[in-house]
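Me: Good morning. I have just opened a structure that is new to me, and I would like to go through it with you.

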Amino acid sequence: MTKRAKPEPVQVVKERRDAALKAIVHGVPYIQFLGIEFERRGDELTAVLPFDEKLIGNPMLPAIHGGVTAAFLEVAAIIELSWSLIWEEMESGRLDPKTLDPNHLPRLPKTIDFTVDYLRTGLPRDAYARARVNRSGRRYASVHVEAWQDNRSRLFAQGTGHFLMPDRSDG
Amino acid sequence: MDNRKTAAARQFIEAIPHSRALGMVLDSLEDGVAVISMPYDPRFVGDPQTGVIHGGAVSALMDTCGGAAVMSHPTGVIGTATIDLRIDYMRPAKPGDRITARAECYHVTRAVAFVRATAHDADTSLPVATATGAFTLERAPARKGEGTA
């Protein structure tokens, strides 16, 4: 009878996953410029955009710039897709997050197109977004993303993007 | 559009906090056509291995440019907001190059403006990205004796 492998200590698992997430998020200057952070529960990610003066597009209302909203959704979509690719590699042991730094990141998917629906004015407060990979093929992926502020059920924007998957040398 | 009006529009657009943060400059604005450019900046990079600007920064430029085009439409627009914007990315922008967007408000109804836009770097032969969008339209209330559009 084969002996079942002992589960990894919870801290080891958390450290590995958080290190991988940190590497792909903090390695991108534009994500840092906007101040976007990601919260993780297991493999579920929530993008958080803390409010800042420099995100304002209409000083009279005031409201978040439509371009910021578009960028926030696109960042949330790309990171979700990248994360889904890294997750399997990491959990199977093929990828060691310790080897990830800004110069040794896995290749990220490239945006082919991105469409944003503006549903409500972006208020001057924190915004949140969650993305869902609806189709992830060998070459193309389709990702939907929803963003809200105060109420999860009252979206202020949603988007859909198509992405070109990174080349994988191992075929 | 006369020079004084263009100067006022330039001041208005360059005073938007996020447009300032991205270093946007209004190059021209006339009768529903806007040209806005943005410098290359390492802080806007989306791919650290190639130094290519993030698509989100290009989206911000396209959105601002689209809104400016609507505001400059000759039918007396006093306010606009983006309803939807679709961006197609043709190729990566060359690291180091300034990105210039040109947006055209090609049709307006009473409440909606339709916009198409292109963005290019120093190589103007092939756009970096193209965009199409629909924007809301607010007009000044028509005075007596004037017909509505």
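Me: What is the radius of gyration of chain B, and what would a compact globule have?
Reply: In this predicted model, chain B has a radius of gyration of 16 Å. A compact globule with 149 residues would have one near 15 Å, so the value agrees with that expectation.

Me: What box do its C-alpha atoms fill?
Reply: Taken along the principal axes, the C-alpha atoms of chain B fill a box of roughly 60 × 30 × 25 Å.

Me: How many of its residues are buried, as a percentage?
Reply: In chain B, 44% of the 149 residues are buried. As for contacts with a separation of 6 or more, 64% of those in chain B are between residues 24 or more positions apart.

Me: Which elements does chain B have, and in what order?
Reply: Chain B has three helices and ten strands. From the N terminus on, they run α-α-β-β-β-β-α-β-β-β-β-β-β.

Me: Now the sheet. What is the order of its strands?
Reply: The open sheet has twelve strands, in the order β1(A)-β2(A)-β6(A)-β7(A)-β8(A)-β5(A)-β6(B)-β9(B)-β8(B)-β7(B)-β2(B)-β1(B), and the pairing is antiparallel.

Me: Which strands stand at the edges?
Reply: These are β1 (37-41) of chain A and β1 (25-30) of chain B. Each has a single partner strand, so one side of each is left without a neighbour in the sheet. From one strand to the next, the twist averages 20°.

Me: How many bridges join β7 and β8 of chain A?
Reply: Nine bridges join β7 (residues 140-148) to β8 (residues 155-164) in chain A, and the two strands run antiparallel. A:Ala141, for example, has A:Phe163 in β8(A) as its bridge partner.

Me: Which helix lies across β5 of chain A?
Reply: That is helix α3 (residues 55-71) of chain B. Helix α3 of chain B also lies across β1, β2, β6, β7, β8 and β9 of chain B, and runs at about 40° to β7(B).

Me: A change of topic: how far does α1 of chain A reach?
Reply: Helix α1 (residues 10-26) of chain A has 17 residues and reaches 24 Å from its first C-alpha to its last, close to the 24 Å expected at 1.5 Å a residue.

Me: Which residues are buried there?
Reply: In α1(A), A:Ala20, A:Leu21 and A:Ile24 are buried. Seen down the axis of α1(A), the buried residues fall within an arc of 95°, so they line one face of the helix.

Me: What do they pack against?
Reply: The buried residues of α1(A) pack against β1 and α3 (66-91) of chain A. On the other side of α1(A), A:Gln11, A:Val12 and A:Lys14 are exposed.

Conventions: Residues are numbered from 1 along each chain as its sequence is written. Chains are lettered from A and ligands numbered from 1 in the order in which they are written. This is a predicted model: local features need pLDDT of at least 70, side-chain atom pairs count only at pLDDT 80 or more; totals for chains, interfaces and linings use all residues. Helices (H or I, at least four residues) and strands (E, at least two) are DSSP runs, numbered from the N terminus. The radius of gyration is taken over C-alpha atoms; the globule rule is 2.2 Å times the number of residues to the power 0.38. A residue is buried if 20 or more other C-beta atoms lie within 10 Å of its own, exposed if 12 or fewer, and partly exposed in between; C-beta atoms are placed from the backbone. Two residues are in contact if their C-beta atoms, placed from the backbone, lie within 7 Å. Two strands pair if DSSP finds at least two bridges between them. Axes are lines fitted to C-alpha atoms, for helices over the stretch in contact, and angles run from 0 to 180 degrees between N-to-C directions. The expected span of a helix is 1.5 Å times one less than its number of residues. The arc is that of the directions from the helix axis to the C-beta atoms.
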